[in-house]
Amino acid sequence: MGWFTKVETKAKDDIPGLDIEASSTATTNKSQDSAKSTTEKNENNSSSSTTTTGDNEKPETPGKTNKEWGYDLYPERRGEEFKPKWSRILLGLEGHENMDKVKCERNVYWCVKNSPLVKLMMGALRSSGCPIDLRRHISCEVCDSSVTGGYDPVLNQIVVCQNMARKEGMVQGVLTHEMIHMFDYCNNDLDFRNIDHLACTEIRAANLAHCSFLSAMMQGDASLFNIKQSHQNCVKSKALASVLAVRNVTRQEAIDAVERVFPKCYNDLEPIGRRIRRNSPDQHRAYMEGPMYGYDVY
C-alpha cells in the first residue's frame, strides 16, 4: 500500500518507526509490535490532560501494559495462536474456529451491504478522509468472553469477536459501535490514554448504537415514567462497563469520568444525527439524511 488514510498518517506520526502495513498483516510478531507501538505512543503522545507520569515512576512490564490497556482481551492482537481445550472441544464449545471466522466474515460482508447504519458510518469515514478497506481495517478474531468487539487505534483496526458476535444483528451492533470510535479518532485529537476521552467516545457509541428502550429494560435502567432519564441511565451504564473492561481503573474513577463528560458527549449525535429506536425506521432515515450533512453514502 503506497498511501495512508488520515488516521494511519496520524498513527505513523504519533508512533515513530511503526510500519502500518507490516503490523496489520504480521501474525507471528504482533505481540512485540503491539506492545512496542503502545509503549511508543504512550511516550510520544502528550495531549492527555489527566494522565501524567512521575519522574520516579517505575517502567511498566509488557504484561501489565497489555492488561491495563485492554490488549489482554484480544489474544490474537498479541500474536498468540488460540489453542482450544480438549474438554471444550468434546462439549462442542471450541474447535471450530476456522468455520467461526468464515461465518464472521460473511456476517461482516452482509452488514456492509445491507445495514443502513454500517453503510452510513462507512460513508462518514470516507468523507472524513478515513475510508475503510474490509481486508485491512476489520478483523474477525477469538476474544475474551467479556467483549464482543474492539477498536485498536495502534493498527487502526476494528476487531469483531467471532466467538461472541455470531449473528448478523450483533455484528451490526459491533461494527457501528467500533466505527464510532474510529470516526472520533479520525476527526478529533482523541487520546485513548485519557480516561475522559475514552469515556466520551464510549458514551457516544452507546448513545448512537445501543440504548433503545428495550435494551434499557434488559439492563434494568428503564422506567415507564421517565423514558428520557432511562435512556441516559442506559448510556451511562454501558459506557461505564466499557471503560472498566479495557482500563485498569477503579469503578469510582470510571464513574467520575463518565459524569464529567456526559452532558457534552451525550448531545453529540454526529455522524448518525439521531438516536436509533429499535424496530423503527430510524436507521433508514439516518442513512437517507447522511448526504444532507455532507457524508457519502454507500
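Me: In β3, what is the bridge partner of G149?
Reply: The bridge partner of G149 is V160. This is a predicted model, in which local features need pLDDT of at least 70 and side-chain atom pairs count only at pLDDT 80 or more, while totals for chains, interfaces and linings use all residues. Residues are numbered from 1 along each chain as its sequence is written, and side-chain values use heavy atoms, with hydrogens and water left out.

Me: What is the order of the three strands in the open sheet, and why do β1 and β2 stand at the edges?
Reply: The order is β1-β3-β2, with mixed pairing. β1 (138-141) and β2 (149-152) each have a single partner strand, so one side of each has no neighbour in the sheet. From one strand to the next the twist averages 25 degrees.

Me: Which strands does helix α9 touch as it packs on the sheet?
Reply: Helix α9 (residues 168-187) touches β1, β2 and β3, and its direction makes about 160 degrees with that of β3. Such angles run from 0 to 180 degrees between N-to-C directions, along lines fitted to C-alpha atoms, for helices over the stretch in contact. Contact means heavy atoms within 4.5 Å.

Me: What makes α10 "mostly covered"?
Reply: In α10, 12 of 15 residues are buried, among them I195, L198 and I203. Buried means under 20% relative accessible area, exposed over 50%, and partly exposed in between (1.4 Å probe, protein chains only).

Me: How do you know that the reach of α10 is close to that expected?
Reply: The expected span of a helix is 1.5 Å times one less than its number of residues. α10 (residues 195-209) has 15 residues; its reach from first C-alpha to last is 21 Å, close to the expected 21 Å.

Me: What reaches the backbone nitrogen of D196 at the start of α10?
Reply: A side-chain oxygen of N194 comes to within 2.9 Å of that nitrogen. A polar contact is a pair of N or O atoms within 3.5 Å; within protein, one must be able to donate a hydrogen and the other to accept it, and residues adjacent in sequence count only if both atoms are side-chain atoms.

Terms used. Pairing = 2+ DSSP bridges. Helix = DSSP H or I, 4+ residues; strand = E, 2+ residues; numbered from the N terminus.
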